[in-house]
Amino acid sequence: MATLAASSCLLSCLLVLFLSSVSAVTDDDKQVYIVYMGSLSSQADYTPTSDHMSILQEVTGESSIEGRLVRSYKRSFNGFAARLSESEREKVAKMVGVVSVFPNKKLQLQTTTSWDFMGLKEGKKTKRNPTVESDTIIGVIDSGITPESQSFSDKGFGPPPKKWKGVCSGGENFTCNNKLIGARDYTSEGSRDTEGHGTHTASTAAGNAVVDASFFGIGNGTIRGGVPASRVAAYKVCTATGCSSEALLSAFDDAIADGVDLITISIGDKTASMFENDPIAIGAFHAMSKGILTVNSAGNSGPKPISVSGVAPWILTVAASTTNRGFVTKVVLGNGKTLVGKSVNAYDMKGKEYPLVYGKSAASSACDPESAGLCELSCLDESRVKGKILVCGGPGGLKIFESVGAIGLIYQTPKPDVAFIHPLPAAGLLTEDFESLLSYLESADSPHATVLKTEAIFNRTSPVIASFSSRGPNTIAVDILKPDITAPGVEILAAYSPDGEPSQHDTRHVKYSVLSGTSMSCPHVAGVAAYVKTFYPKWSPSMIQSAIMTTAWPVNATGTGIASTEFAYGAGHVDPIAASNPGLVYELDKADHIAFLCGMNYTSHVLKVISGETVTCSEEKEILPRNLNYPSMSAKLSGSGTSFTVTFNRTLTNVGTPNSAYTSKVVAGHGSKLDVKIMPSVLSFKAVNEKQSFMVTVTGSDLDPEVPSSANLIWSDGTHNVRSPIVIYTSDY
């Protein structure tokens, strides 16, 4: 979602759903930089904080560094954040042991039916492993949490797992329990969630089942997380102004050392960064090295191409899509015609009709009619609007309705697939219905209408990728397909902070709210990852990621251009039940990722410090990025008009049954036709954990320059279908 306060709310904020601009923390001529130093030294007498202080004293020439050192990273990896001038930054960057120095950024925070929609239903029909689930700890790096929420009640919970090494450092009037077992604050505000975002994401991933939850009666039902018996640890790094990357790295540092089993982080930048300058990629690399999977939101800058963030292959990156439920708000005109709009409108006009006024007809002398028709700031005459339902050609009326005294709002929405909460009776109409409304305004002597309360409808048969969900291709590792997967992220009902506002200028306080964004889809996949881990506690992050990606539902392309291709949804839509029985998995470890980074021409010096190992990149120790043993296959070519041959090398591990044989099948996708050959075409396994390798050769010519060309490779033993997308493309679109 966009501003931390609400992916639920004001359309003028949330339709954008982008991240805020980078803003360094300044102090005179100094700003906060993160000095990343890779893995911790194995020397017994090494003390990170002392080393950090010495470095600062050396580069600043000051005996006292009070006010200079912001944070030390010393539990899971090495580094610090400090206030430095530009010349001091240059000196630090040249010091031995320093991998990278990059400015502190202000990143931004990016379910009654969603789990049922995905097939993970309540009751005996869904297989559970409650003992292991209770030992599973989900680390939530976000805007904090509401400890009193029923979603985090510890009724029926025993003591925390013995592996837990964290603390409850939530601040004043904050108490942990046997469900919410830990909290840390990096904002000086305390761990309590005053925005609502962190409470919402945590409850989506791991919240208890809470009956009769709704937003003022809308979406009434039982909300729950994917693993209700699991434990939650909250790491607050975000406030209303954003999420500091130096705080985010501290949260990773602590969460890894605290003993969490996986991390969900619905935070990101609006563009992808080089891995050595990306705090989420850095933190997630160290988490991966310790066996912890990081699930990250893809971003909300769609449908624009090359907008996906979180592009490192050791991160599971999640796009957002719809469920089978949608919220609609109907508008009944004075002539009896009903128009169907989008919003989460909890206000009841009780069928009473109010006069309609088009912004263009209420223009003030300060604006032209076109601007007034869009209800832009300072463009309307209050005397012509007060007490009426304002009609606007865009969402601008949401910024001014209060100042002009409108009693309701009807506007033309640019986001037809998302309903947002509004602080007054409101409905967003699609173009056709909005034009019908304008025709009625022109033909009626005294146009009137009423806006009805929102209702839930269940008429969607398959998921559709949200228009706001960020798209690929990957600009950092161009042969790694991102995002990886899609999950429900549209109109999700979950727990909320009573201290937060459901929408901008909204004074109501709620325990549950409806939010939309990849921030909402991310914890869904984190919940699925935790669910899979309860059956396979010793599985590595890559095995869990592979299980989720290769068992995903295929997503049918809608719309045109790359916004409706694998660059929108990756491997497909997450399927929790299938993911718990994948049959085969693609395994990766730290060494594989290092070989991948060598293939991307990372220097030996940087790799040594990142990995904690002496690494000399050579032909023997590097792989082409496209040959990383990843569950999807992608290659960017230099031109579209010539014939080509691309090969991918992969290895599968049998996690199903012994004495099994898998036969390959290739299903055509979109774009130009690809000729795909698999060698060998059959993989025979005699034992569990046995590995078999194969090669994929893709040939073709005259690629479509407008969209990627794709196919799907499916390995099947008659029970399991292990599917990998193959994507070939030529440009950044």
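How many helices and strands does the protein have? There are 18 helices and 37 strands, where helices (H or I, at least four residues) and strands (E, at least two) are DSSP runs, numbered from the N terminus. Before we walk on, please keep in mind that this is a predicted model, in which local features need pLDDT of at least 70 and side-chain atom pairs count only at pLDDT 80 or more, while totals for chains, interfaces and linings use all residues. Residues are numbered from 1 along each chain as its sequence is written, and side-chain values use heavy atoms, with hydrogens and water left out.

Let us begin with the overall form. The C-alpha atoms of the protein fill a box of roughly 80 × 65 × 55 Å along the principal axes. For 733 residues, a compact globule would have a radius of gyration near 27 Å, and the 26 Å of this protein agrees with that. Here the radius of gyration is taken over C-alpha atoms, and the globule rule is 2.2 Å times the number of residues to the power 0.38. Of the 733 residues, 62% are buried; buried means under 20% relative accessible area, exposed over 50%, and partly exposed in between (1.4 Å probe, protein chains only). The accessible surface comes to about 26,300 Å², with 50% of it belonging to carbon and sulfur atoms. Such areas come from the Shrake-Rupley method with a 1.4 Å probe, and for residues only the protein chains shown count as cover.

Another buried residue is A362, with a relative accessible area of 0%. You will find A362 in the loop between β20 (354-358) and α9 (369-373). A362 and L380 are 18 residues apart in sequence, and their C-alpha atoms are 5.5 Å apart in space.

Next come the open spaces. On a 1 Å grid over the protein atoms alone, a cavity is a set of points where a 1.4 Å probe fits but cannot get out, and a pocket is an open set with protein on both sides within 12 Å along at least five of seven lines; lining residues have an atom within 4 Å of a point. Grid points are joined across faces, edges and corners, and a volume is the space filled by probe spheres set on the points.

The largest pocket has a volume of about 420 Å³. Its lining has 17 residues, and M37, S39, S41, G97 and V609 lie nearest its centre. Helix α18 (residues 604-611) gives the largest share of this lining, 3 residues. By class, the lining has 5 nonpolar, 9 polar and 3 charged residues. In this grouping, Ala, Val, Leu, Ile, Met, Phe, Trp, Tyr, Cys and Pro count as nonpolar, Asp, Glu, Lys and Arg as charged, and the others, Gly among them, as polar.

The second largest pocket holds about 220 Å³ of space. Of the 17 residues that line the second largest pocket, R71, K106, Y186, S244 and E246 are the closest to its centre.

The largest cavity has a volume of about 100 Å³. It is lined by 13 residues, with D269, T271, S273, D278 and S309 the closest to its centre. The second largest cavity has a volume of about 70 Å³, and its lining has 9 nonpolar, no polar and 1 charged residues. Helix α8 (residues 279-289) gives the most to that lining, with 3 residues. F275, F285 and W314 are among the residues that line the second largest cavity, and these three form one aromatic cluster.

That brings us to the aromatic rings. The structure holds 10 aromatic pairs; rings of Phe, Tyr and Trp (its six-membered ring) pair if their centres lie within 6.5 Å, and planes under 30 degrees apart count as stacked, over 60 as edge-to-face and the rest as tilted. The ring centres of F117 and W553 are 5.6 Å apart with their planes at 80°, so this pair is edge-to-face. Because F117 lies in helix α4 (residues 114-117) and W553 in the loop between α14 (541-550) and α15 (566-569), the pair ties together parts that are 436 residues apart in sequence. F117 counts as buried at 15% relative accessibility, whereas W553 counts as partly exposed at 23%.
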